[in-house]
Every structure is written in C-alpha cells, then in structure tokens.
Amino acid sequence: MRLFSMYRWVRQRHMMGLRGRNFLEAPWAGGVVLLVCVIAAMLLANLPATKLYYHHLLETDLSLMVHSPDGVIDWIFPRGMTVEKFINDGLMVIFFFAVGLEIKREIVCGQLSSVRRAILPVLAAAGGMLAPAIVFTLFNHGTAAANGWGIPTATDIAFAIGILSMLGNRVPVSLKIFLTALAVADDLGAILVIALFYGGKVQITCLLVALVIMLGVYFMKQMGEKRMFSYLVPAFVVWGLFYYSGVHSTISGVAMALLIPMEPRYSKEYFAHKMRWLNALMLRAASHEDFPNEEQRFYLRRMHDLSSNSVGMSYRLEHGLAPYVTFLIMPVFALANAGVEITSLEYLNIFHYSPEIGSIGMGVFFGLVLGKPLGIFLASWGAVRTGLAELPEGATWRMLLAVACLGGIGFTMSLFVDSLAFTDPDLVDRGKIAILMGSLAAAVVGCLLILIFSGKNRRTRQGGR
C-alpha cells in the first residue's frame, strides 16, 4: 500500500511537470501570463491593503552609491534609477535585444529576407502605423495630449499570435505567417519612432563614445570574432552610455542585437570531424567505474562546447532569452506599468474630450480598434491591386481584415510609448486605461470576425460539394 502511494505521488509529479512544460511551450502561454499580470497590477494598484506598497515599491531607489566620509568620492550609478526605471530602462533593454535578434533573423533568412516576400507585411505594417497616428492626431491636435500619437501605432506580437494559435486551423497558416512578419516589421517601426521622437535632450559625447564602441564591435565581428563575452561586455557599456545620452537606452539593445553574428564558430565539416574524434577518445576511456568518469566528463564538456559553438550566436541568444523575455521580463513590465489607480470613475470614461487636454482615450481606443485594422487592410489591398504583392495563399480579404483587427492589440509597446510620451502622471494613466480597453476590444472584434468568416468559408466549401 505504501509503495502504491509513493508510485501515485511520483506519477502525479511527473504529469504535473509534463503539463507545465506543455503550457510553457504553447504559443498562447505568454499572452495568458501577461493577461494575469495585467489583472494583478490593477488589483495591486487599487486594493486599499496593497496600493500604497505597490506605488512606493515602484518609486524605490535602486542606484549603487559609493560615498567616502569626507565627500571626496561621491559616485552614483545609475543616477536616478528606481524600480520602475530599472524595469523600463533596464529589463526592457533585454526585451528589445531579443526583438532585435528576431528582426535580424527575419531580414537575413525569414519572411523579410527578399523584397517579394517582405513587401506585403512591410507595407501593411507601415499602413498600420500611419492610420492610427492620424486617428489619434484628429482627436488631439493642438492639445496637451498631441505628443501621444505614437501610442496606438504598435502591435503586441505575444497577444496577437497567441490568439491566432488558440483559434487553431480557422485561420490559414499563410495569414499567421503574414501577421508574424507584420508584427516584426511593426516592432522595427516602433523602435524607429521611439528613437526619433521620444528621446530626451541628446548628450553628444556619450552618444559618440557609444557609436565608437559599436563601430569597434562591428570590425571585431568582420574579423571573425565569435566568443560571446566579446559582444555582451560592450553591450553593457553601450547601454550605460545610451542611458546618459538622452537617446532611450532600450535602443542600445536593438543596435547591439544587429551586431551579433549569425554565423557559427565551427563549420559543419569541422564539427563532424571533431565530434568523431572526441567520441572515439571518450569510448576508449571506458572503465568499470560509473559513467561518466573524470576523463569522460572532460570529453563530454568538449562535445557540449563544440555543439554549442556550431550554432550561430544570434540563434543561441534568441533561443536562450525567449523564455525569460516571455515569462519574466514582459510579465514584470506588465505588473509595473499596467497598474492604474482608479481614483474616479471619470478615468474609465475614455470618450471624454476637453479643448485643453484633448481625448487620449478616444485617440488611443479608435486608433487601435479602427485605425490599425483599416491601415493594415487598405495598405495590403493597395499593394495587391497594384501588383506589388500577392494575397497570402489560401487567404480571403474578409479573413485578412479579421486578422488585421488583431493587429490592434497594442499593449506592451503601446504602454512603453505611453510612459515616454507624457510627463504628467494623469495623462500617462489615461493612456494606460485606453490601451487596455482598446487592446481588449481589438482582440474581441478580431476573434468574432475570424469565427464568423471561418464558419461562412466552411459552409461555402460544404455547399460546393
């Protein structure tokens, strides 16, 4: 009986581990975790027992201070760093670094690797950024909120792709690839918007030193350097220089990601020859001791190093960072930025307008729900009609419009731009509420249209038989 109970306990642990691993590997898991963190952030920011601690924690100083008794040495790094700034200016650099690696992969060998393949998602992404910016400006031109035009221009790839995955085979695979490539091009556009329009006063000296270091890294890459520390150490230095330069520090993550080599350190021929040699040495070292003995462990470490360096550094970093970005950095960002204290029901009235402030709520909401899908759809329609591109295989215009609605899920990048666009906390919070409501509405509309259109397509095919 006792043995049977132990077996059941071990089996339950094994099944829980399998379910947990399957969840983490599901493409929709990141979106679910983000949604949970949004709800948690709103509760923490509004419950009487937690709201004071929540806001004080975000404002806690995290700077490292070195101070001598006589005051001769007085050094603080990074100056002005709080928990919230550490998340937005520190952890998010890793997020942007991962985005940069993904953009580079798509440009070199993915959906953006040729003009013919890239033209449709790139033009769709451009339309999907221009239209919501125009919609926002129509509501807020000449008001205090005018600088927030970049907020509704972004697409959150984690939520959008996660929802498509949950909808299964209702959406053609070609449209899933289209939305993924569009989101990557959209991320590149959002990065350019942040770099060009949402930086502070530029400190030329810091920026020039950072550019010199990046130029050195580029020449080092051209000379064939493939060791990881040779790139990650300069990346940290460049981040510090960007932090003080006035150009937003997250841009350093993208810039350094583009310098990471994709070519492996060892060729296929070298790998095969060396692996056979190491395998023969390891087998020759066999003994009656438990496997592996000390000599065998040495050869296994060499094999591991050989296998690792036979994959390009860019691929290794992208694969290694993915779970941390999806299940740690983005959820922490959501916890820190999605918490809005609702002091009045007026905050929820996103359709309020005033001549002085404008209407951040209507600009963001209609920018995401109407501007985004219309911009993506019209740009795609124009590209196909003029012969510049072709409609994705197996796709219809109705289904493309439905998928375009999911492009209105802004969230992560929209929240990030919102925190850069305004200095007034009231405007920032109003922007956050509108982003959450607009992203939710875009997700609901996109899902409903996909379900309706996929049902009609299925009935049409059945009727044809």
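L47 is partly exposed, with a relative accessible area of 42%, where partly exposed lies between buried (under 20% relative accessible area) and exposed (over 50%), for a 1.4 Å probe and protein chains only. The residue L47 is found in the loop between α2 (29-46) and α3 (51-58); helices (H or I, at least four residues) and strands (E, at least two) are DSSP runs, numbered from the N terminus. From C-alpha to C-alpha, L47 and E341 are 9.0 Å apart in space and 294 residues apart in sequence. The model is predicted, so that local features need pLDDT of at least 70 and side-chain atom pairs count only at pLDDT 80 or more, while totals for chains, interfaces and linings use all residues. Residues are numbered from 1 along each chain as its sequence is written, and side-chain values use heavy atoms, with hydrogens and water left out.

The structure holds 7 salt bridges, each defined as a side-chain nitrogen of Lys or Arg within 4 Å of a carboxyl oxygen of Asp or Glu. Because E341 lies in the loop between α13 (313-337) and α14 (360-385) and K51 in helix α3, the pair ties together parts that are 290 residues apart in sequence. E341 counts as partly exposed at 25% relative accessibility, and K51 is partly exposed at 30%. A salt bridge also joins the side chains of K372 and D186 (2.6 Å, N to O). K372 lies in helix α14 and D186 in helix α7, so this pair connects parts 186 residues apart in sequence. Both K372 and D186 are buried. In the salt bridge between R227 and E225, the closest N and O atoms are 2.8 Å apart; R227 is partly exposed at 39% relative accessibility, whereas E225 is buried at 16%.

S439 lies in helix α17 (residues 425-464) and counts as buried at 7% relative accessibility. The S439 side chain reaches the backbone nitrogen of G410 at 3.2 Å. Residues up to four places away in sequence not being counted, S439 touches L368, G408, I409, G410 and F411, contact meaning heavy atoms within 4.5 Å. D89 is found in helix α4 and is buried, with 10% relative accessibility. Apart from neighbours within four places in sequence, D89 is in contact with W239, Y243, H248 and S249.

I107, V108, L188, L192, L196 and F197 make a nonpolar surface patch of about 580 Å². Such patches consist of residues with over 30% relative accessible area and no salt bridge, nonpolar side chains (Val, Leu, Ile, Met, Phe, Trp, Tyr) being joined within 5 Å and like charges within 9 Å. At least two residues of the patch come from each of α4 (83-109) and α7 (173-197), and α7 provides the largest share, 4 residues. F197, in helix α7, is partly exposed at 49% relative accessibility.

The secondary structure of the chain comes to 17 helices and 2 strands. Of the 465 residues in the chain, 46% are buried. Among contacts with a separation of 6 or more, 78% are between residues 24 or more positions apart.

Key. Accessible areas come from the Shrake-Rupley method with a 1.4 Å probe; for residues, only the protein chains shown count as cover. A polar contact is a pair of N or O atoms within 3.5 Å; within protein, one must be able to donate a hydrogen and the other to accept it, and residues adjacent in sequence count only if both atoms are side-chain atoms.
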